Amino acid sequence: MEKRTKEILDILDRQYGTDYVCYLNHENAGQLLIATILSAQCTDARVNIVTKDLFRKYPDMESFAKADLKELEQDIKPTGFYHNKAKNIIGCAKMICEKFGGEVPSKLEKLTALPGVGRKTANVIRGNIFHDPSVVVDTHVKRISKRLGFTTSDDPVKIEMDLMEVLPKDHWILYNIQIITFGRQICSARNPKCGECFLTEYCGEYKNYEKRNET
């Protein structure tokens, strides 16, 4: 398994490089936290359009904490699920101001105690801001990790633990970045471009696809 994992990671490194890229525009931890909350069930591109004006209107955690709920809902409406997102953003900002002096905490347990912040969001912050090796399980990582045989689970926490077991720590954050690109460009959920894929020999889904075509 270790040899197979290294082969897959080497291919991903060659294809996508090893630079750390965050697709959500931000200038600090607070902005990345808000952007990640907004990114649930929404594309990064749309979030970046919304946050361009949003972060000018609310430049820090204190301004988000004091935001009017209905007004904030309208500000973030294009990202979808805006009622819950607005409520969580204000609650999150208030807790950060009251408990952490306006600074986003770095510890997983403190981050996940914030309203609307689960392990995925917390690990985005830990990995991109505090450079604490973290595995982020989003929809692309969940789908493709199963196809590559790194996990058999559908539970994000179990997938995270499985990936921490199989991936070397220096690829925890990088794997997510590479897999997001791979998932968007080639290995989509409904119509994967198997003919363009460079990982077919490691993909259980592709093997099943070949068998179905043979019968």
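Analyst: Quick ground rule before we start on this predicted model: Ala, Val, Leu, Ile, Met, Phe, Trp, Tyr, Cys and Pro count as nonpolar, Asp, Glu, Lys and Arg as charged, and the others, Gly among them, as polar.

User: OK, how does the lining of the largest pocket divide by class?

Analyst: With that sorting, the lining has 13 nonpolar, twelve polar and five charged residues. D44, K120 and D138 are among those nearest the centre of the pocket, along with S39 and A40. Asp and Lys sit in the charged class, so D44, K120 and D138 count as charged.

User: What makes a residue part of that lining, and how many are there?

Analyst: A lining residue has an atom within 4 Å of a pocket point. The count comes to 30 residues, around a volume of about 810 Å³.

User: Which helix gives the most to the lining?

Analyst: That's α11, with five residues. Helices α2, α6, α8 and α9 also each supply at least two.

User: Why are α1 and α11 called roughly perpendicular?

Analyst: They pack at an angle of about 70°, with axes 10 Å apart. The label covers 65 to 115 degrees, so the pair is roughly perpendicular. Their crossing is left-handed.

User: What makes the contact between them, and which classes turn up?

Analyst: Contact means heavy atoms within 4.5 Å. From α1 come L9, L12, D13 and Y16, and from α11 come L174, Y175, Q178, I179, T181, F182 and Q185. These residues divide into seven nonpolar, three polar and one charged. Asp counts as charged, so D13 is the charged one.

Conventions. Residues are numbered from 1 along each chain as its sequence is written. This is a predicted model: local features need pLDDT of at least 70, side-chain atom pairs count only at pLDDT 80 or more; totals for chains, interfaces and linings use all residues. Side-chain values use heavy atoms; hydrogens and water are left out. On a 1 Å grid over the protein atoms alone, a cavity is a set of points where a 1.4 Å probe fits but cannot get out, and a pocket is an open set with protein on both sides within 12 Å along at least five of seven lines; lining residues have an atom within 4 Å of a point. Grid points are joined across faces, edges and corners, and a volume is the space filled by probe spheres set on the points. Helices (H or I, at least four residues) and strands (E, at least two) are DSSP runs, numbered from the N terminus. Axes are lines fitted to C-alpha atoms, for helices over the stretch in contact, and angles run from 0 to 180 degrees between N-to-C directions. Angles under 35 degrees count as roughly parallel, over 145 as roughly antiparallel, 65 to 115 as roughly perpendicular and the rest as oblique. A crossing is left-handed if the near helix is turned anticlockwise from the far one by less than a right angle, and right-handed if clockwise.
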